[in-house]
Amino acid sequence: MFKVKPNHTFQNPMRQQIDRTTQGKTSDYAHAVGGVNQILDRGNVGISARSQASVMDNVKKVETGERSEVNAHQREALNFGRDAFQSARQGNYKQASVEAFGSTVNGLASMFKSTFTETPSEKQGITPH
């Protein structure tokens, strides 16, 4: 798992719950979430309850194959975008900028992953025409 500091002690309980959700997971998505979550905790950046629940749901569903990594990133782009608007409306511009950045990064990750991730048909050897 991608960790910035292997023995990091989480300060934000919501981020600690996200970290627990990523423990033992093998997907690229869970690894990325684990590292970014730690960086944001070290920077004292919060997360909305909606986004926390979404991230944890995505980690679990990507791991079991119920959701693609592409779709997980798309969902996070949408959620973090919503949070950015809400934070900006409340005058919390630092939080809004981090959330807007997270939305952008997840949107880009979705596009990047979609260019090289095989479709279910391609995994079965059926090439597109």
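**Notebook: helices of a predicted chain**

I began with the secondary structure of the chain, which comes to 6 helices and 0 strands, where helices (H or I, at least four residues) and strands (E, at least two) are DSSP runs numbered from the N terminus. I noted that this is a predicted model, in which local features need pLDDT of at least 70 and side-chain atom pairs count only at pLDDT 80 or more, while totals for chains, interfaces and linings use all residues. I also noted that residues are numbered from 1 along each chain as its sequence is written, and that side-chain values use heavy atoms, with hydrogens and water left out.

**Entry on burial**

I looked up how much of the chain is buried (under 20% relative accessible area, with exposed over 50% and partly exposed in between, for a 1.4 Å probe and protein chains only), and found that buried residues make up 38% of the 129 residues.

**Entry on α1**

I then turned to helix α1, residues 13–22, whose buried residues are R15, I18, D19, T21 and T22. Seen down the axis of α1, these fall within an arc of 160 degrees, so they line one face of the helix; the arc is that of the directions from the helix axis to the C-beta atoms. What covers them includes α2 and α3, with contact taken as heavy atoms within 4.5 Å. On the other side of α1, I found P13 and R20 exposed. After α1 comes G24, which has a positive phi near 80 degrees.

**Entry on N44**

I found another positive phi, about 60 degrees, at N44, although this residue is not a glycine. N44 sits in the loop between α2 (28–42) and α3, and it counts as exposed because its relative accessibility is 64%.

**Entry on α3 and α4**

How do helix α3 (residues 49–64) and helix α4 (residues 69–89) pack? I read an angle of about 180 degrees and axes 10 Å apart, the axes being lines fitted to C-alpha atoms, for helices over the stretch in contact, and the angles running from 0 to 180 degrees between N-to-C directions. The two helices are therefore roughly antiparallel to each other, a term for angles over 145 degrees. By class, their contact has 4 nonpolar, 4 polar and 6 charged residues. On the α3 side I listed R50, S51, S54, V55, N58 and V62, which meet residues of α4 including E69, A72, R75 and F80.

Technical notes:
Angles under 35 degrees count as roughly parallel, over 145 as roughly antiparallel, 65 to 115 as roughly perpendicular and the rest as oblique. Ala, Val, Leu, Ile, Met, Phe, Trp, Tyr, Cys and Pro count as nonpolar, Asp, Glu, Lys and Arg as charged, and the others, Gly among them, as polar.
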